[in-house]
Amino acid sequence: MVQTSTAKRSGNPIPVPHKISVAITVNGVETTLEVAPWTTLLDALRDHLNLTGTKKGCDHGQCGACTVLVDGRRINSCLTLAVMKDGAKVTTIEGLATEGALHLLQQAFIDHDAFQCGYCTPGQICSAAGLIAEGKAKSADEIRELMSGNICRCGAYPNIVAAIQQAMGKMGGTP
Amino acid sequence: MINFQYARADDVADAVRRIAADPTAKFVAGGTNLIDLMKEDVERPSRLIDISRLPLKSVEETSDGGLRIGALVPNSDLAWHPLIERRYPLLSSAILAGASQQLRNMASTGGNLLQRTRCFYFYDTATPCNKRKPGSGCSAIDGINRISAILGTSEACIATHPSDMCVALAALEARVHVAGPKGERVIAFNDFHRLPGNTPHLDTNLQPNEIVIAVELPAQGFAKNYSYLKIRDRLSYAFALVSVAAALELEGDTIRQARLALGGVAHKPWRDAAAEAALRGQPASQATFTHAADLLLRDAKGFTHNTFKIELARRSIVRALTQAAQATPQSQSDKKIR
């Protein structure tokens, strides 16, 4: 029996789609997921893979809490459909530390007290990793501008900028 | 999120075939606006046709000295492309003034042209909106209209087009290449977006069975005397209240060629032939710029909360033209307006 949803467009019920198989590499681990077309990358990470470090803030691309790296570039995972990322390499906050050692950005955020409640922090750190990889931001003004997609309601911005500057210096501008 | 089917297009012809076969389907590329609107229940496509893997991601030089930008070039790649930075810095600056770096990494060139208004009432499905539901009425005209348009409005709609990139593309007189069942055609940028009139549900003149494949820039890039000045409620990551793309070609102090386009004030990037004509052949002076601004705003009409935009636009035009003439374009990271 073909299931249909109650949603109707142009008068016809839309059949509930089959789940789609998606192969993605998350933090170096190859994974195959069966997802509905509307499953966002954010929900796939949190609900299918139990990687709850990536946060759902606004779920509308306005806060940056869901920022992850896809093929090395920072994006909003809440506005990304998982089915569209078949074959992609995803890095989340859980994948930044190596062999038990914190990533330089994670250590810098601790050193500079760059968070209060911590909810925006995984997105801030993934975004900063993307920013350093881009290599465009040099001054504090440029860091602030290119980090403007990550909102911190606790207002830790000065310390976030200082933490990024510290990590950027130690990383020599490379991720 | 709503229920929908998903399909991937193999090539441009396949994409056109698929969209022609299903009038309730929509293309998805970056998804930054469409997926948000689907979460809000504003857009309700029965099917998404994924065009993100089509080979439309290159920036190529054209035989007449311009550039052809593939429709799927991400906004961030375009802003930082060496040829754009060097020859069309106005475009680079406008792109970097919009959205956030995450969104610019996702959003495509073609999708930027096709993004929908951010009018509060377009998003609020509990209220009437002629753009969302034709014939239901406009809630903004007598509602909270601080962000609404002051030029080219109609009794049916006072929404603005939200793009920064498109304001620069209008000033540069870009051309939009589209493909449909009957082949390809080229649309002048000024003819791409529409004024609301009594059909505000139609943002553009792109037909439902057509796809944007490229944006072409003519050779003239105004790389020396330009500025993109964006005025908004916070310093970054906010839509424009008013934005101005100014581009001049000077001979000494005399303006030989002038382009002026405004964002945040109308249903499309706003250009005015009379205002630009009033700049040509004149000295690059405050008096010239003020006269052009007065001309451009001669029919401006404010609503309950946005009358301030008329004076804001006037001053922004004068400031952006001054920045362009002095070859000191507005910085998009140092926010001081000089």
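Domain bounds here come from an automatic or database domain assignment. For chain B, that assignment gives domain 1 (5-52) and domain 2 (225-325). The centres of domain 1 of chain B and domain 2 of chain B, taken over C-alpha atoms, are 36 Å apart.

A word on what you are looking at. This is a predicted model: local features need pLDDT of at least 70, side-chain atom pairs count only at pLDDT 80 or more, and totals for chains, interfaces and linings use all residues. Residues are numbered from 1 along each chain as its sequence is written, while chains are lettered from A and ligands numbered from 1 in the order in which they are written.

Now the interface. On the chain B side, 29 residues are in contact with 32 residues of chain A. Contact means that the C-beta atoms, placed from the backbone, lie within 7 Å. Which elements of chain B each supply at least two residues of that side? They are β1 (5-8), α2 (34-39), β3 (47-50) and α6 (101-106). Helices (H or I, at least four residues) and strands (E, at least two) are DSSP runs, numbered from the N terminus. The largest share, 5 residues, comes from α6(B). By class, the chain B side has 10 nonpolar, 14 polar and 5 charged residues. Ala, Val, Leu, Ile, Met, Phe, Trp, Tyr, Cys and Pro count as nonpolar; Asp, Glu, Lys and Arg as charged; the others, Gly among them, as polar.

Next, a helix pair. The axes of α12 (residues 286-296) and α13 (residues 308-325) of chain B come within 9 Å and cross at roughly 140°. Axes are lines fitted to C-alpha atoms, for helices over the stretch in contact, and angles run from 0 to 180 degrees between N-to-C directions. Residues making the contact include F289(B) and L296(B) of α12(B), and I317(B) and L321(B) of α13(B). The contact has 7 nonpolar, 3 polar and 1 charged residues.

Last, the sheet. In chain B, 5 strands form an open sheet in the order β4-β5-β8-β6-β7, with antiparallel pairing. Strands pair if DSSP finds at least two bridges between them. At the edges are β4 (59-61) and β7 (183-188) of chain B, each pairing on one side only. From one strand to the next, the twist averages 25°. β4(B) pairs with β5 (residues 67-70) of chain B over 3 bridges, in the antiparallel sense. There, E60(B) stands opposite R68(B) in β5(B).

Conventions: Contact = placed C-beta atoms within 7 Å.
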